[in-house]
Amino acid sequence: MNDNETQHQRPLRSARWFRKDDLPGFVHRSTLAAAGWSREDLMTRPVIGILNTWSDINPCNLNLRALAEDVRTGVLEAGGIPFEIPLMSLSENIVKPTSFPFRNLLAMEVEETLRAHPFDAVVLLGGCDKTQPALLMGAASARIPFLFLASGPATPRSATGGQLANATGVWRLVDQLRAGQTQCDFAAFERSVMGTVGHCAEMGTAASMSAICEALGVALPGSSMVPATDRRRNQLARETGRRSVKLAAEGGPRPEDILDARAFDNAITLLCAVGGSTNCIIHLLALAGRVGVPLTLERFDEIGRRVPLIANVQPAGEHLTERLMTAGGVPALLKSLKPVLHLDARTVDGRTIGEIIESAEVLDPEVIRPLDKPVKPGETLVVVKGNLAPDGAVMKACAADPKLFRHRGRAVVFEDVQTIADRIDDPSLGIDENSVLILRNAGPVGAAMPEWGMLPLPRRLLERGVRDMLRISDARMSGTAYGAAVLHVSPEAAVGGPLALVRDGDIIELDVAERRLQLCVDPEELERRRQAWQPPVRVHARGYRRLYDQHVEQAHRGCDFDFLRGADAETLPEGLFDGWVGGW
């Protein structure tokens, strides 16, 4: 054994595939001999899987091919054997109407890949919104030690008209164009967007999930905010490869050792502190379901009440994620959150969260604020309930106009997104700034929950300077967006939730302080409407989308499949070779 090889403290999982004296082991070893590995290599060295969601149609993940090579180098340097496996790549920018339903499909692919291959540990490479949670969900279910490495944030450039060419800039420019307040050449602006590889450079879903991975303890400290184009990300990839070998040699910690209630509390705390994407709420609920942590929406609200916005990052703040990195990154941010963290939570780094943040330092107090001097007062993420959302709905309060936190208005109902596009500027609808815009049939069953929750405002109101209105939907909203949007209404309209019973002109009340969302209609009238309601016709007769419609859970449970919650003895095929003669 070479000096750089690790003395293993316990038997390797891969050794079950490569036994010396059985026929299946011979078959496996013979197959992998074509890759240049000897019998001795395969029996004594950790086998590391590199699960790569690279695709050249997915700009967020476009640099993962290069990062995979750096991970491979790190694995070899530490004495391991790397094998890269390509997985499906989910681009929220490209897959229409949304990549969201395929999060569960990718999670299944990850779990079955790890169940079927002889890996002692695995490195997960992801970037765009749904690849990250899918990788975590699948690996957590497989119970194999893993590390996560993100593609890293893109580096936006300034564009024609003075707008920053990032996703938040797109939303703002579209509003300005519709209001007639800019002469910007939109085609020229469009050519500037996604100018480099990498995921969103503001606290959209991808950046939020990357930061959360550090708080969960499944990514190396300081790894999330380094730009995709920065050579330090390649260095992190090599270090991730080296660390994966150590993880395999020590037999863990395994996912269930790290992803406990403390880790999820820390993740929610960070999510609130950065004003992160509401989509992360769904992903954390789903991930918790995979490892048996009884996480609920109420826990998000409990933590959200005591953790203010302290990261001055778009869209709730001013700066991009690169400024957060230079201010000390996620470790420095966690240090500012020290009084409200579980410092004894374990990480793949081998240290606790408390040990990691001891050496962290806040280098820019304008970007990372102390708890008693937040970027904005009040809560960042809130959960509301009431007769319109019995199982809850969420709101990104830090990105909304506080004037709408206590609001009473007349409902204007849209059955689908095409109707909004066709009629939002129709003066006959009588929409004014006090109206409550309702979009329904856009939940997990109704439309696979696309990011349609930031309903557009009527042009004539934009021209008058109105920039925010109360919007309610069973859809999601891009983490790069902003506005007073109550999202993820559960249960959704398509399965008969109360949102399906709202009619034009009904009065709706929102009271954020009281966490209340109420449809002000007499209960007897609501019951009459319920009796008359008919479910929409299901359009998916075959394939994965039919499976999705039949088994997806509601938003307050994370929209995972009901048959994938928890893990069982089948996850690790420990009896794979026992009695192989009868079934090989």
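Which residues have the most contacts inside the largest nonpolar core? The legends below begin with that core and refer to a predicted model.

**Figure 1. The largest nonpolar core, viewed around L136.** This core has 112 residues, and L136 and L216 are those with the most contacts inside it. Helix 11, residues 261-274, gives the most to the core, with nine residues. Another core lies apart from it and has 30 residues, including A400, I438, I472 and L519. Leaving aside neighbours within four places in sequence, L136 is in contact with L124, F146, F148, M209, C213, L216, V218 and L287.

Figure 2. Six bridges pair strand 1, residues 47-52, with strand 2 in the parallel sense. Within this pairing, I50 has E84 in strand 2 as its bridge partner.

**Figure 3. Packing of helix 4 with helix 12.** Two packed helices are described by the angle between their axes and the distance between the axes. Helix 4 (residues 102-116) and helix 12 (residues 279-291) pack at about 35 degrees, and their axes are 13 Å apart. The crossing of helix 4 past helix 12 is right-handed. On the helix 4 side the residues are R103, A107 and E111, which meet I282, H283, A286 and R290 in helix 12. By class, this contact has three nonpolar, one polar and three charged residues.

**Figure 4. Surroundings of G204.** G204 is found in the loop between helix 7 (186-192) and helix 8 (205-216). Is G204 buried or exposed? With a relative accessible area of 0%, G204 falls under the 20% cut-off and therefore counts as buried. Not counting residues up to four places away in sequence, G204 touches S277, G479 and T480. G204 and A215 are 11 residues apart in sequence, and the distance between their C-alpha atoms is 17 Å.

**Figure 5. Two cis peptide bonds, at P97 and at P253.** Most residues other than glycine have a negative phi, and most peptide bonds are trans. The bond that joins K96 and P97 is cis, with omega about 5 degrees. P97 lies in the loop between strand 2 and helix 4. The bond from G252 to P253 is also cis, and its omega is near 15 degrees. P253 is in the loop between helix 9 and helix 10 (255-258).

**Figure 6. Positive phi at R143 and at C559.** R143 is a residue other than glycine, and its phi is positive, near 60 degrees. R143 has its place in the loop between helix 5 and strand 4. Its relative accessibility is 31%, so R143 counts as partly exposed. C559, again not a glycine, has a positive phi near 60 degrees. The place of C559 is in the segment after helix 20 (543-551). C559 is buried, with a relative accessible area of 1%.

**Figure 7. Strand 7 with strand 11 and with strand 8.** Strand 7 (residues 406-414) pairs with strand 11 (residues 507-511) in the antiparallel sense over five bridges. In this pairing, R408 stands opposite E509 in strand 11. With strand 8 (residues 436-439), strand 7 pairs in the parallel sense over four bridges. Here V412 stands opposite L437 in strand 8.

Key. Residues numbered from 1 in each chain as written. Predicted model: local features only at pLDDT ≥ 70, side-chain atom pairs only at ≥ 80, totals over all residues. Heavy atoms only, no water. Helix = DSSP H or I, 4+ residues; strand = E, 2+ residues; numbered from the N terminus. Buried < 20%, exposed > 50% of the residue type's maximum accessible area, 1.4 Å probe, protein only. Contact = heavy atoms within 4.5 Å. Core = buried A, V, L, I, M, F, W, Y, C linked by side-chain atoms within 4.5 Å. Axes fitted to C-alpha atoms, helices over the stretch in contact; angles between N-to-C directions. Left-handed = near helix turned anticlockwise from the far one by under 90°. Nonpolar A, V, L, I, M, F, W, Y, C, P; charged D, E, K, R; others polar. Pairing = 2+ DSSP bridges.
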